[in-house]
Number of protein chains: 4
Amino acid sequence: MKRTGVARKSRVQKSEEIREALFQAAAEVVGECGYAEASISRITQRADLAQGTFYNYFTSRQEIFDELLPVLGAKMMAHIRQQANGAVGYREKEERSFRAFFSFLKRMPYFLRILNEAEFFAPVAHRQHFHNISSGYTRFMKKARAAGEITAVSDEEIEALVYMLIAARGYLALRYMKPDGSVELPEEAVTAYMRLLSHGLVSPQGGDVPVDPSQEREPR
Amino acid sequence: MKRTGVARKSRVQKSEEIREALFQAAAEVVGECGYAEASISRITQRADLAQGTFYNYFTSRQEIFDELLPVLGAKMMAHIRQQANGAVGYREKEERSFRAFFSFLKRMPYFLRILNEAEFFAPVAHRQHFHNISSGYTRFMKKARAAGEITAVSDEEIEALVYMLIAARGYLALRYMKPDGSVELPEEAVTAYMRLLSHGLVSPQGGDVPVDPSQEREPR
Amino acid sequence: MKRTGVARKSRVQKSEEIREALFQAAAEVVGECGYAEASISRITQRADLAQGTFYNYFTSRQEIFDELLPVLGAKMMAHIRQQANGAVGYREKEERSFRAFFSFLKRMPYFLRILNEAEFFAPVAHRQHFHNISSGYTRFMKKARAAGEITAVSDEEIEALVYMLIAARGYLALRYMKPDGSVELPEEAVTAYMRLLSHGLVSPQGGDVPVDPSQEREPR
Amino acid sequence: MKRTGVARKSRVQKSEEIREALFQAAAEVVGECGYAEASISRITQRADLAQGTFYNYFTSRQEIFDELLPVLGAKMMAHIRQQANGAVGYREKEERSFRAFFSFLKRMPYFLRILNEAEFFAPVAHRQHFHNISSGYTRFMKKARAAGEITAVSDEEIEALVYMLIAARGYLALRYMKPDGSVELPEEAVTAYMRLLSHGLVSPQGGDVPVDPSQEREPR
DNA sequence: AATGAATGAGCTTTCATTCAT
DNA sequence: AATGAATGAAAGCTCATTCAT
């Protein structure tokens with residue numbers, strides 16, 4: 001028998017709200033102070049709840065840590081997918097996804113730290129997240145390969161490439177992170193990323209195969 | 001009757017040995033368990049010393065943490081430089097350095113974790129290390145650019161590229177790390193890395209976006 | 001069914017009881033072993049509580065140290081005031097206060113050590129306490145001076161005298177403290193104190209050495 | 001067979017010098033930082049000796065603490081005796097001794113702290129010191145009593161009085177100690193002290209408040 | 001005898017977790 | 001279910017004392 005609907009929240013609704021509040025508080029605290037400083041006390045204080053309440057929703061501190069990245073990672077993927085949606089061709093998709101990663105960081109400034117530290121503080125979650133990301137990416141690249149949009153590399157190479165491209169985003173985010181945690185990606189970084197993908201770095205006439213000796217002499 | 005020097009260790013020798021033992025123990029413990037779990041107790045136990053002894057050599061736990069990366073990072077750079085020595089041309093140098101990074105990890109399996117976690121547990125050292133690495137790398141790339149070996153990108157692009165390439169190594173190491181911490185880089189990863197550098201990924205005949213044909217002409 | 005209040009202790013009541021237990025334990029431990037030996041471990045053990053509990057009530061060891069003297073000092077002053085209440089004239093007030101100090105020590109044997117050591121272990125509290133005591137005493141003496149009950153000495157002299165009289169109590173307590181910490185003031189000490197106040201020590205007719213009578217009359 | 005005398009110090013001379021250096025260093029350190037902060041490390045550093053050397057001369061930290069007050073106390077007594085030497089009559093002797101205590105503090109600024117804290121950190125020494133001081137003082141007063149210079153009080157009263165007078169000095173020193181530890185006794189304090197001894201505080205004719213004459217007559 | 005490093009007990013403090021209300 | 005105090009294990013660090021040189 002439902003209560004009057006608007007006025008009353010059902011027990012389970014309330015319960016979910018509290019869980020959500022704890023989750024949100026944890027994300028913020030970890031984003032601001034890192035996992036190491038994210039004590040239960042801090043988290044519950046931020047959520048305006050008693051310390052003990054925490055353990056009604058999570059069995060341990062580690063448990064909420066392990067939940068952070070999967071949930072936020074899914075949001076990130078949704079955001080990227082949505083932004084890349086409608087892009088035509090490999091290159092455009094790449095660029096849009098790339099940009100989307102950084103626009104996501106703008107909306108969720110605390111995500112970067114959660115992501116980075118997770119490797120050490122929530123390793124299981126981190127591995128899972130990486131798997132999610134990379135398998136999606138891999139699919140995308142395999143399609144592009146099938147479509148002839150990218151060079152016909154082996155599956156193993158694709159996996160390595162996927163890791164490198166994900167790596168690029170992560171480190172660039174770190175590189176362009178400002179002291180307050182926000183990230184401002186310069187346009188040159190996009191150019192550099194796209195150039196690497198499109199042609200690599202080596203000059204067309206360069207290369208290891210028989211080259212002008214004068215050039216190859218010694219760059220020290 | 002004077003001691004003959006060889007037979008007996010002088011006090012300072014012994015002192016240095018102990019310092020070294022502590023350092024080594026710390027490196028191993030951090031490599032295996034991470035900074036967070038690297039308590040003084042664990043470190044001294046591994047070095048077979050009393051807890052108090054630690055404080056005869058380091059003024060604090062943080063101090064030894066801050067020393068880990070600089071010392072090991074210097075070893076890494078030395079190793080890479082030595083391995084890359086004699087290489088001819090940008091491509092060869094790149095490949096050799098790339099491989100050297102992973103051969104170093106083989107010799108020092110605990111380095112990777114020390115390096116990665118340092119960002120959060122020894123941030124000053126990490127920044128310094130990154131500066132060292134990236135500025136060396138940047139110099140190298142600028143020379144290659146001057147020599148016409150790589151595309152004539154802007155300084156800013158070079159910086160971004162350097163970060164991406166360093167990132168690639170780090171993430172690949174993570175990717176191919178086995179549960180016991182050792183890293184086994186498959187040959188395909190090298191191929192993929194070198195391919196990315198040399199031609200990028202996009203197929204010559206290219207994507208759907210019409211591009212300047214002269215540019216798109218020749219990868220491989 | 002509401003709890004009837006009497007039977008059950010409310011949370012805040014219990015809380016206050018624990019705080020009080022910690023305070024009491026600290027007072028006893030400091031009284032018996034001194035501040036230096038009053039470790040948190042000893043204090044909580046005496047209060048039959050876990051070490052961690054201490055930090056739910058005090059932010060640091062120093063904090064409880066700083067609270068000891070103010071609280072007990074106020075009790076002492078209340079006791080003395082109450083005992084001296086109703087006394088008529090300077091002399092009676094003096095004597096009653098004097099005796100009250102020692103009767104307080106009987107009731108609170110650990111107070112003496114807390115008071116004495118506070119100078120070094122809780123200097124702020126000690127200064128405050130001394131200020132409280134001496135300013136009250138000074139007011140009292142100035143009134144007696146205004147009433148002509150005591151010699152018309154300068155304000156500065158009064159301050160010095162106040163210190164001397166407080167000193168007398170402190171040292172006499174020390175002198176008559178028994179190994180178990182309890183203090184038993186012999187009646188002669190009271191006599192001596194009152195005699196000193198009333199007439200000083202010098203014989204009216206002066207010493208055996210013939211002195212200039214004019215000098216002996218009235219110093220200054 | 002003595003060595004050339006001037007050039008060489010005998011073994012025992014050297015030994016004594018080191019002991020003296022340690023003692024002096026301890027006195028200074030305790031005087032400046034208090035017993036609690038007077039670590040062996042600090043003391044030996046100040047004496048320019050190795051930590052281990054300390055234990056060739058003293059069996060424990062406590063031992064040197066227990067030696068501080070007896071030795072310096074003897075110096076103080078010698079100083080006072082010398083200053084009071086030649087004084088004629090109880091009053092002059094008292095005043096000179098009183099002043100001598102403070103002039104001693106000027107010469108040995110660290111003595112006051114050593115004396116005060118000794119009660120808690122070197123209680124045996126403190127008791128001994130007090131015994132030394134007070135027994136000398138007691139003899140002095142008994143002589144004055146025999147000579148009729150002071151009121152014919154009982155032996156027990158004399159003991160109490162002695163404590164009160166010693167107390168007066170100690171507290172006045174504290175009262176007039178400046179932040180740097182030096183003591184500057186104002187002349188009023190001397191006046192107050194001598195007035196107390198000579199006539200007490202109570203006005204001869206009593207207060208202006210009409211009091212029962214029988215009460216005011218003669219205490220006890 | 002002098003040295004100074006090694007030792008380890010002990011300190012204060014933090015905090016994840018438990019539990020009585 | 002919510003609370004918030006109680007718990008106690010563990011941390012980093014200090015320092016009196018010991019001991020090999």
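## A tour of the chains and the DNA

Start with chains A and B: rotate chain B by 177 degrees, with 0.1 Å of shift along the rotation axis, and it superposes on chain A with an RMSD of 0.6 Å. That is the relation of a two-fold axis. Keep in mind as you click around that this is a predicted model.

**Stop 1: where A meets B.** Select the contact between these two chains: 55 residues come from chain B and 52 residues from chain A. Now colour the helices on the B side. Helix H5 (89-107), helix H6 (111-121), helix H7 (123-146), helix H8 (155-175) and helix H9 (187-199) of chain B each give two or more residues to the side that touches chain A. Which of them gives the most? H8(B) does, with 13 residues. Colour this side of chain B by class and you'll get 27 nonpolar, 14 polar and 14 charged residues. Also, 87% of the interface residues of chain B are interface residues in chain A too, so the copies meet through the same surface.

**Stop 2: where C meets D.** Hop over to the other pair. Here the contact takes 52 residues from chain D and 51 residues from chain C. On the side of chain D that touches chain C, look for helix H5 (89-107), helix H6 (111-121), helix H8 (155-175) and helix H9 (187-199) of chain D, each supplying at least two residues. H8(D) has the largest share of that side, 13 residues. Sorted by class, the side of chain D that touches chain C has 28 nonpolar, 13 polar and 11 charged residues.

**Stop 3: inside chain A.** Hide the rest and select domain 1 (10-58) and domain 2 (65-199) of chain A. Their centres, taken over C-alpha atoms, are separated by 28 Å. Where the domains touch, nine residues come from domain 1 of chain A and 11 residues from domain 2 of chain A. The domain 1 side of that contact has five nonpolar, two polar and two charged residues.

**Stop 4: DNA strand F.** Bring everything back and select the 32 residues around DNA strand F. Which come nearest? Zoom in on Ala50(A), Gly52(A), Ser39(B), Gly52(C) and Ser39(D). Elements that give two or more residues to this surface include helix H3 (51-57) of chain A, helix H2 (40-47) of chain B and helix H1 (11-33) of chain C. For chain D, pick helix H2 (40-46) and helix H3 (51-57). Finish by colouring the surface near DNA strand F by class: 10 residues are nonpolar, 19 polar and three charged.

Terms used:
Residues numbered from 1 in each chain as written. Chains lettered and ligands numbered in written order. Predicted model: local features only at pLDDT ≥ 70, side-chain atom pairs only at ≥ 80, totals over all residues. Contact = placed C-beta atoms within 7 Å. Helix = DSSP H or I, 4+ residues; strand = E, 2+ residues; numbered from the N terminus. Nonpolar A, V, L, I, M, F, W, Y, C, P; charged D, E, K, R; others polar. Near = placed C-beta within 6 Å. Least-squares fit on C-alpha atoms with pLDDT ≥ 70 in both. Domains from an automatic or database assignment.
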